[in-house]
Amino acid sequence: FKIAQVLESAYVDDCNASMACIEELEEVKQNMPEFMRQHGMPIKALAWTGEEAPKELSEDGSINVAGYSWNPTTDRMKVTLPKIFHGEKKKGKFTPETVFFNKEASLENITEFYEDQAITHELILSKTAALYDPVGFLSPLKVYGAYICRRALIESDGDPLKEVTEDTRKLFLQYIYQVKKMEEVTFTRNFSNLKRSESDLLVMCTDAGHNASMMIFYIGKEANDGLELDFVFSIGNLNNEDGIIPRNELEIIDKGAKQAEKLINWMVPRVKKKILITDAKVPLYWLKNKHLRTQPFVQSRVHAICKLFDPKEMFYIKSEANPADLGTKFTKFQNTYQKLGDDSLFRRGPECLRKGLDRAIKDRDLIPAIELNPTKVEKETAALEIVKLHQLVITNDRNEEIVDEAVNKEEIENTEVCL
């Protein structure tokens, strides 16, 4: 069973699994090599936390796994970042004419390095697509790169070699600088070092803005009358710039619910408790009133989300306390690289959960959706998606004042038709 767990985490020809205790690790160490040899796939070597990497896997102490560099001695990881260079590759190798950036990582030096270079949509696409980060340690920067690439595509009018505007050029150089600064950052693979149990809590945080949306998942483990949160996964995406923010917020919750369902089915032991945290009041209003007759876009997503999350498992949090807020506002992106390390809100999750879910609710750091009271403006925004059926009144009194107003289904059921 433990070998099956390890193989389930396989990525191409690498397996990067976690065991709950030393006994389980010893079981894998003893049985895995022979098991793989019997099935015609002998392994090169095994590496585990707290021990130096075998020479068969590493020359410098770090092991490349799924796009990351992992040091088993310290149990810390780094994202493998793309090199900054001028030139091209042939058959995956740099040509002798390639010029590499080798100065100190500063915005001034990077701007100077690209000073005589044409910044085109082709170049921006190549550089932003080179950042590979499947777990999502740098997902806000990844989405930022996609945003810049979309700007370049629009400005290019379909010509990949057309230079972008000066504003987009500055955004691209800012992006290259911030990615380069992440070379200095390492990530703890596992914050809490606590054993998984059926009492663990899956925490999903979402946010959406005009340009982009973000979802982040954490596992909360009970400790010291509170919760210790471990970062699990994060991903973001661009939004339709002609879209409506409440719809964007509902859309990312819907996408997050689909991911949460996959995580629940994949994790061992199975997660039985889960919560949804967002700073989006309008979607929470739709979700807590899931029987409202709304437009198909809203109604289909509300019903899909509520299949996994009960309204009692949904909570409102202030924007400044929501870790998913980081990847959705590109007007405040100059120092994003400083907000992605182990001590950041993005990696550690909502601070209020460290005192426990019940206490966070009692202190009103988290407000249950069923207790949420939207403002008049928020209610009016939510009402725009309600399908309105018109009341029919038939009367013989020509002097009676008749108001033609839209009502929802529940109101219609309580309305008498006058004859």
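Modeller: A search of the whole structure finds 0 disulfides, a disulfide being a pair of cysteine sulfur atoms within 2.5 Å. This is a predicted model, in which local features need pLDDT of at least 70 and side-chain atom pairs count only at pLDDT 80 or more, while totals for chains, interfaces and linings use all residues. Residues are numbered from 1 along each chain as its sequence is written, and side-chain values use heavy atoms, with hydrogens and water left out.

With a relative accessible area of 14%, Cys 306 counts as buried.

On a 1 Å grid over the protein atoms alone, a cavity is a set of points where a 1.4 Å probe fits but cannot get out, a pocket is an open set with protein on both sides within 12 Å along at least five of seven lines, and lining residues have an atom within 4 Å of a point.

The largest cavity holds about 100 Å³ of space, and its lining is made by Leu 81, Pro 82, Lys 83, Ile 84, Lys 127, Tyr 175, Ile 176, Val 179, Lys 180 and Glu 183. Helix 6, residues 166-181, gives the largest share of that lining, with 4 residues (helices, H or I of at least four residues, and strands, E of at least two, are DSSP runs numbered from the N terminus). By type, the lining of the largest cavity has 6 nonpolar residues, no polar ones and 4 charged ones (Ala, Val, Leu, Ile, Met, Phe, Trp, Tyr, Cys and Pro count as nonpolar, Asp, Glu, Lys and Arg as charged, and the others, Gly among them, as polar).

In the second largest cavity there is about 30 Å³ of space, lined by Thr 188, Arg 189, Asn 190, Phe 191, Asp 230, Phe 231 and Arg 347. Here the lining divides into 2 nonpolar, 2 polar and 3 charged residues.

Among the open spaces, the second largest pocket holds about 410 Å³. It is lined by 17 residues, and Phe 85, Gly 87, Leu 123, Ser 126 and Lys 127 are the closest to its centre. Strand 6 (85-86) and helix 4 (121-129) are the elements that give two or more residues to this lining, and helix 4 supplies the largest share, 4 residues. The lining of this pocket comprises 7 nonpolar, 5 polar and 5 charged residues.

A last stop is Asp 254, which sits in helix 7, residues 245-266, and which counts as buried because its relative accessibility is 8%. Leaving aside neighbours within four places in sequence, Asp 254 is in contact (heavy atoms within 4.5 Å) with Arg 301, Ala 304 and Ile 305. Ser 300, found in helix 9, residues 296-308, is 46 residues from Asp 254 in sequence and 9.5 Å from it in space, C-alpha to C-alpha. At 42% relative accessibility, Ser 300 is partly exposed.

Technical notes:
Grid points are joined across faces, edges and corners, and a volume is the space filled by probe spheres set on the points. Buried means under 20% relative accessible area, exposed over 50%, partly exposed in between (1.4 Å probe, protein chains only).
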